[in-house]
Amino acid sequence: MMNRRDFSAALLAGVAASTISSRGIAANATPPKVRNVVLVHGLFADGSCWTEVIARLQAAGLNATSVQNPLTTLPEAVASAERVLARQDGPTVLVGHSFSGMIVTEAGVHPNVSALVYVAARAPDAGEDYTALAKTYPTPPASAGIVFDGDEGRLSEEAFLRDFAGDLPEAKAKVLYAVQEPFQKALLTGKTTNAAWRSKPSYYAVSTEDRTINPDLERFMAKRMGAKTIEVKASHLSLISHPREITRLILEAAGH
């Protein structure tokens with residue numbers, strides 16, 4: 001029969017194991033060196049939003065590819081990322097901004113993926129209702145700026161300039177507004193079936209001035225996954241306004 005001391009020790013061990021299994025895989029102190037990076041964009045954007053980061057990754061000798069997310073349904077968006085991942089010739093860092101954190105979380109289990117980087121991005125657990133999770137935090141201002149033409153959604157110009165790209169020069173923000181890619185309403189109903197951050201080293205860049213995703217929600221998701229986390233004093237578009245910091249985090253995930 002187990003005595004009280006043995007029982008207490010076993011109980012503590014079980015609690016510790018449960019704590020470890022309920023969180024993600026923390027970033028390794030010395031991640032393996034890889035040369036491939038796949039980047040995925042979110043809502044109100046297209047693949048060109050990664051231009052500033054791509055130029056820096058290429059200058060560092062990495063092979064960078066930006067996925068053109070169709071913004072139709074989550075399965076179709078995931079498939080577009082998986083096709084690009086399958087073309088990589090070795091281990092790959094998968095990076096997602098904003099909504100595409102859903103894609104990174106789902107597609108990140110691909111065997112080519114060595115690490116995940118979230119940039120002001122959604123990071124749901126498997127099967128989690130992200131909308132319900134987001135509602136546990138104050139609603140960010142950009143949400144009120146989404147307008148629909150039937151099933152096609154986009155940000156109004158006012159919301160785009162103020163709440164999405166608030167720290168960019170107005171002229172540059174207006175160009176980005178002009179090329180924003182509309183999304184289909186069905187995209188927002190998708191739920192992930194995987195949580196790649198539970199099995200892959202993860203990194204997270206919080207945008208402290210974010211008006212599109214609540215910064216405290218970003219901090220919660222980063223902490224939950226045990227991610228190596230940085231905070232950038234930036235709008236939601238930190239990948240454009242602070243490309244040096246975002247590139248540095250990606251390079252770290254790639255072992256450079």
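I count two strands as paired if DSSP finds at least two bridges between them. The model I am reading is predicted.

**Sheet.** I looked up the strand order first. Six strands form an open sheet, ordered S2-S1-S3-S4-S8-S9, with parallel pairing. I then checked the edges. Strand S2 (63–67) and strand S9 (228–232) sit there, each pairing on one side only. On average, neighbouring strands of this sheet are turned by 15° against each other, direction ignored.

**S1 and S2.** I went to strand S1 (residues 36–40) next. S1 pairs with S2 in the parallel sense over five bridges. I picked out Val37 and found Ala64 as its bridge partner in S2.

**Helices on the sheet.** Helix H2 (residues 51–59) packs on the sheet and touches S1 and S2. I noted its direction at about 180° with that of S1. Helix H3 (residues 74–87) lies across S1, S2, strand S3 (92–97) and strand S4 (113–119). H3 runs at about 160° to S2.

**Helix H10.** Which residues of helix H10 (residues 243–253) are buried? I listed Pro243, Ile246, Thr247, Leu249, Ile250, Leu251 and Ala253. Just after H10, I found Gly255 with a positive phi of about 80°.

**Largest pocket.** I read off a volume of about 510 Å³ for the largest pocket. Its lining has 21 residues, and the closest to the centre are Arg122, Tyr130, Ser143, Ile146 and Thr212. I sorted the lining by class: 13 nonpolar, six polar and two charged residues. Which helix gives the largest share of this lining? I found helix H5 (residues 130–134), with three residues.

Technical notes. Residues are numbered from 1 along each chain as its sequence is written. This is a predicted model: local features need pLDDT of at least 70, side-chain atom pairs count only at pLDDT 80 or more; totals for chains, interfaces and linings use all residues. Side-chain values use heavy atoms; hydrogens and water are left out. Helices (H or I, at least four residues) and strands (E, at least two) are DSSP runs, numbered from the N terminus. Axes are lines fitted to C-alpha atoms, for helices over the stretch in contact, and angles run from 0 to 180 degrees between N-to-C directions. Contact means heavy atoms within 4.5 Å. Buried means under 20% relative accessible area, exposed over 50%, partly exposed in between (1.4 Å probe, protein chains only). On a 1 Å grid over the protein atoms alone, a cavity is a set of points where a 1.4 Å probe fits but cannot get out, and a pocket is an open set with protein on both sides within 12 Å along at least five of seven lines; lining residues have an atom within 4 Å of a point. Grid points are joined across faces, edges and corners, and a volume is the space filled by probe spheres set on the points. Ala, Val, Leu, Ile, Met, Phe, Trp, Tyr, Cys and Pro count as nonpolar, Asp, Glu, Lys and Arg as charged, and the others, Gly among them, as polar.
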